[in-house]
Amino acid sequence: MNAGIRSFRTTPKRKEKRGIFCTIGRCTDCMMIVDGVPNTRTCVAIVRDGMQVKTQEGLGSFEEKKGEDK
Ligand code: FES
């Protein structure tokens, strides 16, 4: 939000933009991909240095982390 970003995700069917709404972890409008994990409610996530936060398109998907064994 400090960077001026207001769209955090898009809806699965209509691709509509969503952003902060409830700010208490109830509505899911703030879900983003955090450190490769989709559907993270960012309004209640604890911020830390090095955190990778990306806009989530639709349902989102897990991203493979480079260098990790499967
Ligand atoms: S803004 Fe509603 S869950 Fe985060």
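Trainee: Is C30 buried or exposed?
Mentor: In this predicted model, C30 has a relative accessible area of 3%. Buried means under 20% relative accessible area, exposed over 50%, and partly exposed in between, with a 1.4 Å probe and protein chains only. By that scale C30 is therefore buried.

Trainee: What kind of model is this?
Mentor: Residues are numbered from 1 along each chain as its sequence is written, and side-chain values use heavy atoms, with hydrogens and water left out. Local features need pLDDT of at least 70, side-chain atom pairs count only at pLDDT 80 or more, and totals for chains, interfaces and linings use all residues, for the model is predicted.

Trainee: In which class does C27 fall?
Mentor: The relative accessibility of C27 is 25%. The class between buried and exposed applies here, so C27 counts as partly exposed.

Trainee: How many disulfides are there?
Mentor: A disulfide is a covalent bond between the sulfur atoms of two cysteines. The rule used here asks for a pair of cysteine sulfur atoms within 2.5 Å. By this rule the number of disulfides is zero.

Trainee: How many strands does the protein have?
Mentor: Helices (H or I, at least four residues) and strands (E, at least two) are DSSP runs, numbered from the N terminus. From that end the elements read β-β-β-β-β. The protein has zero helices, and its strands number five.

Trainee: Which residue stands opposite M31 in β4?
Mentor: On the side of β5, V34 stands opposite V53. In β4, the residue opposite M31 is R41.

Trainee: Which residues of β3 point the other way from M31 and I33?
Mentor: In a regular strand the side chains alternate between the two faces of the sheet. In β3, M31 and I33 point one way, and all of the residues pointing either way are buried. Those that point the other way are M32 and V34.

Trainee: Which residue in the turn of the β3 and β4 hairpin has a positive phi?
Mentor: The hairpin has two residues between its strands. With a relative accessible area of 18% it is buried, and it is D35.

Trainee: What is the phi of T28 near?
Mentor: T28 lies in the loop between β2 and β3. T28 is partly exposed, with a relative accessible area of 21%. The phi of T28 is positive in a residue other than glycine, near 75 degrees.

Trainee: How far is the C-alpha atom of R26 from that of V44?
Mentor: R26 has its place in the loop between β2 and β3, and at 69% relative accessibility R26 counts as exposed. R26 and V44 are 18 residues apart along the chain. Their C-alpha atoms are separated by 9.7 Å.

Trainee: Which residues does T11 touch, not counting residues up to four places away in sequence?
Mentor: T11 lies in the loop between β1 (9-10) and β2 (17-18). T11 is buried, with a relative accessible area of 12%. Contact means heavy atoms within 4.5 Å, and on that basis T11 touches E16, R18 and G58.

Trainee: What percentage of the residues in the protein is buried?
Mentor: Along its principal axes the C-alpha trace spans about 35 × 30 × 20 Å. The protein has 70 residues. Of these, the buried ones make up 29%.

Conventions:
Pairing = 2+ DSSP bridges.
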